Amino acid sequence: MSNTFGKLLAVTTFGESHGPAIGCVIDGCPPGLEIHEDEFAHDLARRATGRSRHVSARKEEDRVEILSGVHEGRTTGTPIALLVRNTDAKSKDYADIARTFRPGHADWTYHQKYGFRDPRGGGRSSARETTMRVAAAVIAKKWLRERMGITVRGCMTQMGTLVARRFDWSVVEENPFFWPDPDMIGELETYLDAIRSERDSVGGRVEVFAEGVPAGLGEPLYGKLDGDLAAALMGINAVKGVEIGDGFAAVAQRGTEHRDELTPQGFLSNHAGGILGGISTGQVIRASIALKPTSSLPQPGRSIDVDGNPVEVTTKGRHDPCVAIRATPIAEAMVALVLMDHVLRHRAQCGDVGAVSPQFPA
Ligand code: EPS
């Protein structure tokens, strides 16, 4: 029912974690963008399992096949279909929980809603599906970068109780946590090793920054840019909170502190996170998300079975002790897809508005 998002750039994903394949259809991509299958590998590897001891050990190839919409290496303007085959599903790990509900997991709500579920790997509720969001966003990121000069990048700034103290983009891709503080990597490893040996999990915070976004994106009132970003980010597995700019910290701020004053040279601050009234200001867009601790735990928890009898549930298999780690490229992907959709939507309605003054100097 709701497996498609976006209006002028519409992405539909399909597939289950333990089915033969997962895939997506991207409709509305403008023609003429150069794209090759090997360009998907980098971001898919950033999101993939099996990259370090700190994430799920499932080993997937995550190779994208382009089925349609691209001819001689360029998008044709027709639907782009991408496919990734599942190659390392171990469905017997799920035999024991086919008739029970993991506490804190969508097992319960899928059962309540549909009356029937594919329990293997969590079926459609598995984080495996996010592979296709990241794949679709490889196209969006490239289009935004080449056509608009927009870049989107993210990092994890909190894991459990540990908060990044320094911010250095040059180290984010150099460690398994997408962490911006080079002094804390050892501390993070020890912390997460301890959580894993206690058969437990932790949550995390991921922040995404979009630079080069022009002023004017967003459609008040029901297609506000921050509204669409919040919906897209909240739609990522395990996300329990979304903030734009200062977010919930704004509650304790004074108006004089929160407002971003303007000068002929530009804004003096960016508490708004680059969006006012649901429309981009031309500043950096800053969004952050809170991810809950993984609910699939290798230690017993109280639950019930499908007949309502009390049971103890222990999850077998290969699970992430902190799903927030792999959420960094996924959050980037959702922001990129929303931004590309909004660039196309802005062009459609306001393409002939032209340059508006005053403008801030570049
Ligand atoms: C997941 C459980 C694990 C992860 C999976 C997400 O899968 P399985 O139980 O089949 O080993 O490996 O993530 C991926 C496979 C992926 O590509 O992201 C879950 O419970 O959501």
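This is a selection-by-selection tour of a predicted model.

**Nonpolar core**

Start with Leu-82 and Leu-339. Of the 76 residues in the largest nonpolar core, these two touch the most other members. Helix α7 gives the most to this core, with 15 residues. In soluble globular proteins, nonpolar side chains tend to be buried together.

Keep Leu-82 selected and show what surrounds it. Beyond its neighbours within four places in sequence, Leu-82 is in contact with residues including Ile-22, Cys-24, Ile-26, Phe-40, Val-64, Ile-66 and Met-132. The contact list of Leu-82 also holds Gly-23, Glu-65, Ala-135 and Ala-136.

Select Thr-75 next, in strand β6 (residues 74-75). Is Thr-75 buried or exposed? Thr-75 has a relative accessible area of 4%, which means that it is buried. With neighbours within four places in sequence left aside, its contacts include Cys-29, Pro-30, Pro-31, Gly-32, Leu-33 and Ile-35. Gly-69, Val-70 and Ile-80 are also in contact with Thr-75.

Step back to Glu-72, in the loop between β5 (70-71) and β6. Glu-72 is not a glycine, yet its phi is positive, near 50°. Glu-72 is exposed, at a relative accessible area of 72%.

Asp-62, in the loop between α1 (41-47) and β4 (64-68), also has a positive phi near 50°. Asp-62 is buried, because its relative accessibility is 7% and the limit for buried is under 20%. Most residues other than glycine have a negative phi, and most peptide bonds are trans.

**Salt bridges**

The model has 33 salt bridges.

- Arg-58 and Glu-60: the closest N and O atoms are 3.0 Å apart. Arg-58 is buried at 9% relative accessibility, and Glu-60 is buried at 11%.
- Arg-99 and Asp-307: this salt bridge has an N to O distance of 2.7 Å. The two residues are 208 residues apart, Arg-99 lying in the loop between β7 (80-85) and α2 (107-114) and Asp-307 in the loop between β17 (301-304) and β18 (310-313). Arg-99 is partly exposed, at 47%, while Asp-307 is exposed, at 55%.
- Arg-205 and Glu-243: here the closest N and O atoms are 3.1 Å apart. The pair links strand β10 (residues 204-211) to strand β11 (residues 239-244), across 38 residues. Arg-205 is partly exposed at 27% relative accessibility, and Glu-243 is buried, with a relative accessible area of 15%.
- Asp-43, Arg-46, Lys-141, Glu-173 and Glu-332: salt bridges link these residues in a network.

**Second largest pocket**

Move to the second largest pocket, with a volume of about 660 Å³. Which of its 23 lining residues are closest to the centre? Select Pro-214, Ala-215, Gly-216, Val-356 and Gln-359 to see them. Helix α7 (residues 324-350) supplies the largest share of the lining, four residues. By class, the lining has 14 nonpolar, eight polar and one charged residues.

**Cis peptide bonds**

End with two peptide bonds. The bond joining Pro-220 and Leu-221 is cis, with omega about 5°. Leu-221 sits in the loop between β10 and α5 (225-234). The bond from Ser-357 to Pro-358 is also cis, with omega near 0°. Pro-358 belongs to the segment after α7.

Notes:
Residues are numbered from 1 along each chain as its sequence is written. This is a predicted model: local features need pLDDT of at least 70, side-chain atom pairs count only at pLDDT 80 or more; totals for chains, interfaces and linings use all residues. Side-chain values use heavy atoms; hydrogens and water are left out. A salt bridge is a side-chain nitrogen of Lys or Arg within 4 Å of a carboxyl oxygen of Asp or Glu. Buried means under 20% relative accessible area, exposed over 50%, partly exposed in between (1.4 Å probe, protein chains only). Contact means heavy atoms within 4.5 Å. On a 1 Å grid over the protein atoms alone, a cavity is a set of points where a 1.4 Å probe fits but cannot get out, and a pocket is an open set with protein on both sides within 12 Å along at least five of seven lines; lining residues have an atom within 4 Å of a point. Grid points are joined across faces, edges and corners, and a volume is the space filled by probe spheres set on the points. Ala, Val, Leu, Ile, Met, Phe, Trp, Tyr, Cys and Pro count as nonpolar, Asp, Glu, Lys and Arg as charged, and the others, Gly among them, as polar. A nonpolar core is a set of buried Ala, Val, Leu, Ile, Met, Phe, Trp, Tyr and Cys residues joined through side-chain atoms within 4.5 Å.
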